[in-house]
Each structure stands twice: as C-alpha cells, then as structure tokens.
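Thank you for making time for this short talk. Please have a look at the model on the screen, and then I will take you through a few of its residues.

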Amino acid sequence: MSRPTILFDLDGTLIDSTNSILNGFFAAFDTFKFKRPQIEEICALIGHPLDYMFAHLGVNDEAVWDFVAAYKETYKKTYLQDTKLLDFAKESIELANEFADLGVVTTKTSKYSVILLDHLGVGKYFKTVIGKDDVINPKPHPEPILKALLNLDKTDKFAYMVGDTPMDAKAAKSANVISVGVSCGYCTEQNLSKYCDHVAKNSLEAVKFIRSDTL
C-alpha cells in the first residue's frame with residue numbers, strides 16, 4: 001500500500017495564533033474608526049478568508065479590502081512572536097511523518113504559512129502548503145485539497161483532511177477524502193460531529209486514528 005496522505009489545517013488545528021488575529025482585526029477597525037466587534041464574533045469566523053470575515057463583521061463591500069490591508073499590516077509585525085504550536089501538535093506531525101506524506105491546506109496565505117511553520121520548527125515535514133493565494137476558490141471548496149494532492153502526486157485514496165471547522169470537513173467531502181475534525185480549535189465536538197467522518201480531541205489523537213485506520 002502506498003503511504004497515506006494527511007493534510008492539516010493550521011489555525012485551531014496545529015497552531016494558536018488567536019492573539020495575532022485579534023490584534024489585526026482590532027487594528028483594522030481602529031484605523032477606520034469602526035466599532036470593534038466582540039472577540040467571540042471574530043473567533044466564530046476564524047478559518048474563513050479575511051474578506052469574508054470582515055464582510056460578516058459589518059464592513060461594506062467597498063471597504064473590505066482596505067480593512068484586509070490594514071489587518072495584514074499589523075499581523076505581519078506580530079504573527080511570529082504571537083503564534084505557538086497547540087498542545088500535542090509537534091508530536092502529531094512527527095508521528096504522521098513516520099507513515100504518511102504531509103501537507104497543509106489553510107485560508108492563510110501560503111507565504112506567511114511557510115515562514116510560520118519554519119519558525120515553529122515543523123516546516124520541514126510538509127511537502128506542500130496550499131494557502132488562499134494559491135487557489136481561486138478557498139475552503140469549503142475542494143480546490144485547495146485537490147491542489148495539495150496534485151502537488152504531492154497523490155490521489156484521494158487513503159487521503160485525510162484534519163481540521164477544526166465544518167469548512168475543512170465540507171472541503172474534504174467534496175474532494176472525496178476522509179475528514180477528521182479536532183475539537184481543540186474554534187468549533188465544538190458536537191458541531192464537528194455533524195460534518196466530519198471522525199472527531200478527535202486534538203491533532204495527535206487524529207493522527208493515531210488515521211494510523212490505525214490505514215493499517
């Protein structure tokens with residue numbers, strides 16, 4: 001049997017960059033003298049592309065990309081020092097690397113994602129990183145997953161998508177790969193169970209499930 005493929009989401013799955021994300025949003029709203037949304041409102045949208053998030057936080061279409069630019073100006077100054085690996089993430093990546101080919105599929109840009117993964121000491125394990133800037137249609141569309149599989153020269157056979165939101169599961173289903181949700185991020189186990197083929201508490205538990213599922 002060929003090696004399985006495991007594709008990971010980033011925020012809420014492998015990393016915690018909540019503080020940097022929140023600071024970016026607050027900076028953008030302050031720049032344009034808009035009332036800051038509640039933290040819970042922002043966190044509920046994490047995983048979606050930035051333009052989607054700002055639009056659903058009340059920013060009109062004409063101003064969305066100005067807000068995105070203001071966000072990025074702040075985010076790029078803080079994201080390295082304000083982002084950390086989630087508990088068990090490094091162990092899960094190292095274990096996954098023993099039996100599978102690994103990639104990242106995220107709605108962050110691949111440029112910042114690659115820099116961040118290298119900074120956190122785990123970039124070497126991933127053979128492809130697909131970000132919002134690499135596709136026309138981000139998750140929940142299957143395009144990012146399909147592009148990752150193409151880059152890895154892999155099919156959807158024995159392929160898994162590990163993520164913390166229904167978007168990851170919806171993209172996985174559309175791409176005909178198995179979805180494994182993790183409840184350590186921005187979505188509850190109860191909600192994930194409505195969309196995912198399997199739900200785990202964290203990425204290490206997810207990888208152990210995948211290993212047992214492919215034996």
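Predicted model: local features only at pLDDT ≥ 70, side-chain atom pairs only at ≥ 80, totals over all residues.

Cys 184 counts as partly exposed because its relative accessibility is 29%, where buried means under 20% relative accessible area, exposed means over 50%, and partly exposed lies in between, with a 1.4 Å probe and protein chains only. The sulfur of Cys 184 has its closest cysteine sulfur in Cys 187, and since the two are 11 Å apart, that is too far for a bond. Cys 196 is in no disulfide either, as the nearest cysteine sulfur, again that of Cys 187, is 7.8 Å away, and Cys 196 is buried, with a relative accessible area of 12%. How many disulfides does the structure hold? The number is 0, with a disulfide defined as a pair of cysteine sulfur atoms within 2.5 Å.

Residues are numbered from 1 along each chain as its sequence is written, and side-chain values use heavy atoms, with hydrogens and water left out.

Let me turn to charged pairs. Side chains of opposite charge can pair when their charged atoms come close. The structure holds 8 salt bridges, a salt bridge being a side-chain nitrogen of Lys or Arg within 4 Å of a carboxyl oxygen of Asp or Glu. One of them joins Lys 139 to Asp 9, with the closest N and O atoms 3.0 Å apart. Lys 139 lies in the loop between β5 (128–130) and α7 (143–151), and Asp 9 in the loop between β1 (5–8) and β2 (15–16), so this pair ties together parts that are 130 residues apart in sequence. Helices here are DSSP runs of H or I with at least four residues, strands are runs of E with at least two, and both are numbered from the N terminus.

Lys 139 also forms a salt bridge with Asp 168, where the closest N and O atoms are 2.6 Å apart. Because Asp 168 lies in helix α8 (residues 166–175) and Lys 139 in the loop between β5 and α7, this pair ties together parts 29 residues apart in sequence. Are these two residues, Asp 168 and Lys 139, buried or exposed? Both are buried, and Asp 9 is buried as well. Staying with Lys 139, the peptide bond that leads from it to Pro 140 is cis, with omega near 15°, and Pro 140 lies in the loop between β5 and α7.

Another salt bridge brings together the side chains of Lys 154 and Asp 101, at 2.9 Å from N to O. This pair links distant parts of the chain, with Lys 154 in the loop between α7 and β6 (159–163) and Asp 101 in strand β4 (residues 101–105), 53 residues apart. Lys 154 and Asp 101 are both buried.

Phe 88, which is not a glycine, has a positive phi of about 75°; Phe 88 is placed in the loop between β3 (84–85) and α5, and is partly exposed, with a relative accessible area of 40%. Phe 158, also a residue other than glycine, has a positive phi near 55°, and its place is in the loop between α7 and β6.
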